[in-house]
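Please keep the sequence and the model in view while reading.

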Amino acid sequence: MGSPRNALLFVSLAGAIGVALPATLLLWVIWQQTVMAEEQRLTKLSEDLAAQTEHAIVDARALLEELNSQAFEPCSPHHLLTLQNEALSRVHVRAIGYWEAANRLCGAGLVQGQRLTPARASRIYDSGVIAWWPSAATTAGDVALFLMRFGNHDMAIDPRLLITPGQLEGKQVAVWVEGMQMAAYPEASVFPAPDELPEGLFVDRANNRVVSRVSVDSLFPIEVVAVQSFEDFWDRYRMLVIAVGGIGLVLITLWLGLVWRYLSRQLSLESSLRAAIDGGRIHAVYQPIVELRSGRCVGAEVLGRWTEKNGTAISPEIFVPLAEKAGLGTRLTLSILENLLQHMANWPEPEKEMVYHLNLTEQDLAQPGFSRRLGELLDEHGVAPERIALEITERALLDSDVIRQRVAELRDKGHSIAIDDFGTGYSSLAYLQKFELDTLKIDKTFVDSLQTEAVTSSVIRPIIDLARALDLEIIAEGIESGEQMQWLVERDVECGQGYWYSPALGESGFKAWYLDKAR
Ligand SMILES: Nc1nc2c(ncn2[C@@H]2O[C@@H]3COP(=O)(O)O[C@H]4[C@@H](O)[C@H](n5cnc6c(=O)[nH]c(N)nc65)O[C@@H]4COP(=O)(O)O[C@H]3[C@H]2O)c(=O)[nH]1
């Protein structure tokens, strides 16, 4: 009793860990996926912003070059009209002006005044371009402008318009060009400088925000910093995490629940089986074995039957392998033998000539004490070993000297040895020759296929030939029709069993059946 309880405890503990571990892993994976997805969105946003900024600067440079190349009469109406048209056709351009030496002589656009001619330039390039990054000195009408002069013309750009707020999805962003802040949204926000930040996305727990820095190397280095409050970030993915995490957890729990149910059922089945064997509640039933030519009953195969206390019948196909797995195989065999011996004591004289075929488990031949205990039980009940044939499956006949020796010992004591389910395992002529056997039982699958097109139908003849070559008696299993029986009689198969004669019967049923046949 102790071991199943411990095993259940172990299974429960393993189950709890089994849920907690994959759940943590699942949440971690979702979090990683979420961060990756956000990183991808931010990279895309930054690339778009960088492309817009780059386009505005390149376009400004090209336009100024174009204006310089045209032979305007300086500040003439035609010149000013051209400047006005070019300025108004670009939403981010506030003004375009005309210079001679250090003086801005005239200009067109939405802003004018001294702010367009600040003293100190931020950058003077070899190409002749002079640039003023937005600052207090370039602020006109509350907007810090980006100014660019090339040759005789200049352009004032409203950097706010390089950013399209609709794209930002609630994030705050700032754009740096050549290490200097060019634009920000919202304008008043203060951003950490890009060189203070790691590349990519990171969770800034101290400030309760998610920050990303993306560098884009276009014509000039552009960097975009985006800041998002942790709540916004979480809001975006909360539903996803809840949905995926929830489904994952349900599936894991369901799976572990099924495993737990299966294991606990197996364990409780195992302990019920143990109790049933110990309590002698597995009883023997008998399927008559008939001499085919005469129809005379010459014995019976002893089959185990187990009905649980709640009335559920468990098939031997389940409880025999379970007993073997639990190391109860030999106890099962001996318990069925005891039941058979009790029944034999009650049967009238004629049946005493019959041979009862007891199925052995794979463990019986491997157990050193099995043969002795078998002998003791037969002696106690006064039953000769010749009355008990032992059926061994092919699997139990492992090619080992010990098993071969035990089979020989049992045979020497007077038991006849039958190989069961022949043809379904590993048998070969050479293999069978190594064992001392008496009977070969042809498996039901081969009898089933008689007079059919199934591939197995051609196998039964070589099996019969093999048995003859080894001088073995043949018992055909699973005979269900007169035609099958006739076919086997014509091939001189000695004995058979199957529903054509009778299914397995309980003690009294078997007795009645036998007496009825004997009449
Ligand atoms: N469809 C059909 N079936 C037929 C016919 N004639 C017999 N059978 C069934 O075929 C099985 C024959 O036993 P097996 O080949 O030794 O195969 C047995 C045997 O290998 C094992 N087994 C049964 N009882 C015991 C036992 O007490 N000890 C051991 N070690 N194994 C057992 O379980 C297997 C299944 O046993 P059962 O369910 O009792 O099923 C039995 C029997 O009821 C037929 O004409 N048609």
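## Basis of the description

Two strands are said to pair if DSSP finds at least two bridges between them. Helices (H or I, at least four residues) and strands (E, at least two) are DSSP runs, numbered from the N terminus. The model is predicted: local features require pLDDT of at least 70, side-chain atom pairs count only at pLDDT 80 or more, and totals for chains, interfaces and linings use all residues. Residue numbers start from 1 along each chain as its sequence is written.

## Overall composition

The protein has 13 helices and 22 strands. Of its 519 residues, 31% count as buried. A residue is buried if 20 or more other C-beta atoms lie within 10 Å of its own, exposed if 12 or fewer, and partly exposed in between, with C-beta atoms placed from the backbone.

Residues are in contact if their C-beta atoms, placed from the backbone, lie within 7 Å. Among the contacts with a separation of 6 or more, 61% are between residues 24 or more positions apart.

## The antiparallel sheet

An open sheet is formed by 6 strands in the order S2-S1-S8-S7-S4-S3, with antiparallel pairing. Strand S2 (103–109) and strand S3 (123–124) each have a single partner strand and stand at the edges, so one side of each is left without a neighbour in the sheet.

Strand S1 (residues 93–100) pairs with S2 in the antiparallel sense over 6 bridges, and Ala95 has Gly109 in S2 as its bridge partner. Helix H2 (residues 77–88) packs on the sheet and touches S1 and S2. The direction of H2 makes about 55° with that of S2; axes are lines fitted to C-alpha atoms, for helices over the stretch in contact, and angles run from 0 to 180 degrees between N-to-C directions.

S11 (200–204) and strand S12 (residues 209–217) run antiparallel and are joined by 5 bridges. Leu201 stands opposite Ser212 in S12. The hairpin of S11 and S12 has 4 residues between the strands, and Asn208 in this hairpin takes a positive phi near 55°.

S12 also pairs with strand S13 (residues 221–229), in the antiparallel sense over 9 bridges. A hairpin of 3 residues joins S12 to S13, and Asp217 has Pro221 in S13 as its bridge partner.

Val190 lies in the loop between strand S10 (180–185) and S11. Val190 is exposed, with 8 other C-beta atoms within 10 Å.

S20 pairs with S19 in the parallel sense over 3 bridges, with Ile419 opposite Leu440. S20 also runs parallel to strand S21 (residues 473–476), to which 4 bridges join it; Ile442 has Ala476 as its bridge partner in S21.

## Surroundings of the ligand

Of the 22 residues around the ligand, Gly304, Pro316, Asn359, Gly498 and Tyr499 come nearest. A residue is near a molecule if its C-beta atom, placed from the backbone, lies within 6 Å of it. Strand S15 (297–307), helix H4 (316–325), helix H5 (329–346) and strand S19 (417–422) are the elements that give two or more residues to this shell. H4 gives the most, with 3 residues.

Conventions:
Two residues are in contact if their C-beta atoms, placed from the backbone, lie within 7 Å.
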